[in-house]
Amino acid sequence: MVVSSAPGKVYLFGEHAVVYGEPAVPCAIERRARVTVEERDDGALRVHSTDLTLDGFTVEYDGAADASADVDVPEALVEAAVGYVDAAAEQARDAAGRPDAGFDITIESEIPLGAGLGSSAAVVVAGIDAATRELGVELSSREIAERAYEVEYEVQDGQASRADTFCSAVGGAVRIEGEDCQPIQDVPTLPFVIGYDGGAGDTGELVAGVRRLKEEYPFAADTVETIGDLVRQGERALEAGDLEELGRLMDFNHGLLEALGVSSRSLDEMVWAARESDALGAKLTGAGGGGCIVVLDETEEARTALSYTPGCAETFRAELDTDGVRVDQR
Ligand SMILES: Nc1ncnc2c1ncn2[C@@H]1O[C@H](COP(=O)(O)OP(=O)(O)OP(=O)(O)O)[C@@H](O)[C@H]1O
Ligand SMILES: C[C@@](O)(CCO)CC(=O)[O-]
Ligand SMILES: [Mg+2]
């Protein structure tokens, strides 16, 4: 039996545009998905997943063909979960040259689902690590990142960047531009606050929406390029440790994402509550549509303001996690 864990992430800058080759800077946060894998002799796949929603319940299924939950869970959710875990198991079988290997997989995640904190990437990265180790193969974090990207690419219908999976695999703050994935050294302390509306967005659908907009309107394509320019400026601010400039650029980035149609009323309400509390900056994180915003604030004021915002279900601080994927137990 092997237990591996991998962190979720927030985007300082650059989600969506990164899918089209612009740079992005995601940062791993200390909220992890923990995946326990034990090989089975009969070749079957059984997945036991706790906290598929905030309330926490359990879904079990044997392989993709007859996926069914032991409680009343929306079928689409079970199918999506099967998709990610199935593909991760397949990557592990391929890496170990064991096409018939079966697994018992248990997922425990502290990362809300579909909320922009990279739950899918963390589950897939930790799952591939634990399953390959269980089969006696040790992959580098870069190899795990690449295989996890293949999974996201497949499940998101051929529209994914390497950002979430690389960030989750290596930890810390990273820079992604196309196939080029690099850790960023000497990152200043980033006082992240998360606002969570309790909802979720469908990453695949939101990415497809931006693609359509970009194809229809040249100025939407320009907006994507502008996000790239903003990220490059943001990298200079990060290097200089200029938190005020980082905050201003986060505000700007949110405006551009809003223009691309991936924000929502509750995300905007939380962003405005944070801005009015004099936070350094605030933006949605991840695919959008609902879920989380990330705020830069050294004081407690943004958290207080968010806790009084009707659209906000939960708010918490998020520390940068310098650890990527790791073995927790074997
Ligand atoms: N604890 C879990 N157990 C099983 N599957 C999970 C779990 N957490 C996430 N997943 C899978 O990941 C999917 C959510 O991924 P999605 O990419 O839509 O959102 P996200 O990764 O949380 O946010 P984003 O990609 O915007 O950062 C779920 O539908 C499910 O298939
Ligand atoms: C929206 C997106 O840029 C980030 C989702 O967390 C999609 C991706 O990079 O694959
Ligand atoms: Mg995801």
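The protein chain is assigned two domains, domain 1 (2-184) and domain 2 (192-318), with bounds that come from an automatic or database domain assignment. This is a predicted model, in which local features need pLDDT of at least 70, side-chain atom pairs count only at pLDDT 80 or more, and totals for chains, interfaces and linings use all residues. Residues are numbered from 1 along each chain as its sequence is written, chains are lettered from A and ligands numbered from 1 in the order in which they are written, and side-chain values use heavy atoms, leaving out hydrogens and water.

Domain 1 brings 30 residues to the contact and domain 2 brings 42, where contact means heavy atoms within 4.5 Å. About 2,900 Å² is buried between them, and carbon and sulfur atoms give 67% of that area. Buried area is the accessible area (1.4 Å probe) that two parts lose on being put together, summed over both. On the domain 1 side, Phe13, His16 and Tyr20 supply 25% of the area buried against domain 2, more than any other three residues.

Between the domains there are 3 salt bridges and 12 residue pairs in polar contact, both residues being at pLDDT 80 or more. A polar contact is a pair of N or O atoms within 3.5 Å; within protein, one must be able to donate a hydrogen and the other to accept it, and residues adjacent in sequence count only if both atoms are side-chain atoms. Strands β1 (2-13), β2 (25-40) and β6 (174-177) each give two or more residues to the side of domain 1 that touches domain 2. The largest share, 5 residues, comes from β1.

Now for the charged pairs.

| Salt bridge | N to O distance |
|---|---|
| Glu22 and Arg232 | 3.6 Å |
| Arg93 and Glu90 | 2.8 Å |

Arg93 and Glu90 are about one helical turn apart, because they sit 3 residues from each other in helix α1 (residues 75-96). Helices (H or I, at least four residues) and strands (E, at least two) are DSSP runs, numbered from the N terminus.

Key: A salt bridge is a side-chain nitrogen of Lys or Arg within 4 Å of a carboxyl oxygen of Asp or Glu.
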